[in-house]
Amino acid sequence: MRGRSTITFLKAPKMNPSHALPSYLEPAGVGPWGVFLQQVERATSSLGELAYLVETLKRPKRILIVDIPIKLDDGSVAHFEGYRVQHNTSRGPGKGGVRFHQDVTLSEVMALAGWMSVKNAVIGLPFGGAKGGVRVDPRNLSRRELEHLTRRYTSEIGIVIGPDKDIPAPDVNTNEQIMAWMMDTYSVMHGATSTAVVTGKPLALGGSRGRRDATGRGVFVCGRAAAARIGLSLEGARVCVQGFGNVGNAAARCFHDAKAKVIAIQSVEGTVHNPAGIDVYKLGAHQQAGRPFAEFAGASVVPNESFWEIESEFLIPAALEQQITVANAGKIRTRVLLEGANGPTTIEADDILTANGILVVPDVIANAGGVTVSYFEWVQDLSSYFWTEEEVNGRLDKIMSDAFNALWEAAGEAKVTLRTAAFTLACRRMLEARHLRGLYP
Ligand code: NAD
């Protein structure tokens, strides 16, 4: 964990206003990267003299686009497009997940990398931000094809990743097995077992206890801290969750365990609702057994559009980005919106929610539990000394609660939203590091 220090300038450097945009960058306001740019923009006026460096945050440090050819089971060769983007490494090696999804775009991966930079800086982890992705629907691949895709992707991005360069982790549609294949491929390439090159690995290969549920647990810790600030009781609080995967499922279980009532869950299969509360453990087991969501006996199926209108105390988007837009933001009736997903709320929707008195706990803190325990995993791998689950969860709880409370104070002082406070704090930390390092040559 790193603290904050103040820089004084003898003569403030100036920002050059004539930056031409690189050709691959779209104008602000378009796509996820456009959202990220606007979020940085909102923090810029609070950066003081460090603002002369803000352009470094508006373009990723390094973008790698790779072709991934693999032989399919039928003997034909298929090509997939893969990316690894390192947004900023001023504060440490790149860190961020790898997503396998048919709709992955460069803009999306750039934005996700930018949000990782901000997230790591807000929490105070000694990492920069990075993200990877492959445009593929993994449901259409056999296990052998998935392994080959993963290994070829890893070998292609192998020139930019490493335990002290850039450390991937799981994200949408990637898991412990995929991390194991990535770790093995990188290790074979380097002739030595290198467990610290990826996080989110199985326990048997240097994974950390508590990693699987860490993101959802962190969402809950932020929700509990937010509730304490606004005088909301968790007991009996109604919770709606979009996405019942790694993040949504774990967050739902934590709220359930704290005696809150999870009343609605939406997944890609549909939406289930039960005003008396859904037994999320039973729904998890039902899903694990491969049974359709709609056949779950403990809730009724409702139309997807109605999900956003269900009244609740906590609403947790934990699926994909840009789910809350001008089209549905005005209908949302909740007290606290906890962003489990990355970038689930557009800029315009964010403003509507705030105007309607909804407390938005932004992704860059709410879902930082995953990368925090990834940091623990990396530390454990590098020191070859492994912690108990209680140690992991206890340290996660403390780091997340402290970070939330610091952000709450900063937002209150500056009279801005938690998101703008988070971006301001993170941009300052990144630019302070850049300023101290100086620009090479
Ligand atoms: P996952 O693949 O495990 O689960 C995704 C869930 O979203 C599934 O339940 C799926 O059914 C649902 N979903 C997908 N498309 C949907 C749609 N159109 N409508 C409704 N539901 C839909 O993914 P995950 O790891 O839980 O990640 C979810 C989000 O959290 C992503 O934005 C990811 O970037 C973010 N995140 C994940 C982690 C992590 O540790 N896994 C960490 C930080 C942030």
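At what angle do H6 and helix H7 (residues 280-288) pack, and how far apart are their axes? In this predicted model, in which residues are numbered from 1 along each chain as its sequence is written, local features need pLDDT of at least 70, side-chain atom pairs count only at pLDDT 80 or more, and totals for chains, interfaces and linings use all residues. Side-chain values use heavy atoms, with hydrogens and water left out.

H6 packs against H7 at an angle of about 150°, and the two axes lie 9 Å apart. That angle makes H6 roughly antiparallel to H7 (over 145 degrees; under 35 is roughly parallel, 65 to 115 roughly perpendicular and the rest oblique). Asn249, Ala252, Arg253, His256 and Asp257 of H6 make the contact with Val280, Tyr281 and Gly284 of H7; contact means heavy atoms within 4.5 Å. By class, this contact has three nonpolar, three polar and two charged residues (Ala, Val, Leu, Ile, Met, Phe, Trp, Tyr, Cys and Pro count as nonpolar, Asp, Glu, Lys and Arg as charged, and the others, Gly among them, as polar). Helices (H or I, at least four residues) and strands (E, at least two) are DSSP runs, numbered from the N terminus. Axes are lines fitted to C-alpha atoms, for helices over the stretch in contact, and angles run from 0 to 180 degrees between N-to-C directions.

H6 (residues 246-257) also meets helix H5 (residues 214-230), the axes coming within 7 Å and crossing at roughly 45°. H5 is therefore oblique to H6. Thr215, Gly216, Arg217, Val219, Phe220 and Gly223 in H5 meet Val247, Ala250, Ala251, Cys254 and Phe255 in H6. Seven nonpolar, three polar and one charged residues form this contact.

The axes of H5 and helix H10 (residues 369-383) come within 6 Å and cross at roughly 125°, so H5 and H10 are oblique to each other. Ala214, Thr215 and Gly218 of H5 are in contact with Gly369, Gly370 and Val373 of H10. The classes here are two nonpolar, four polar and no charged residues.
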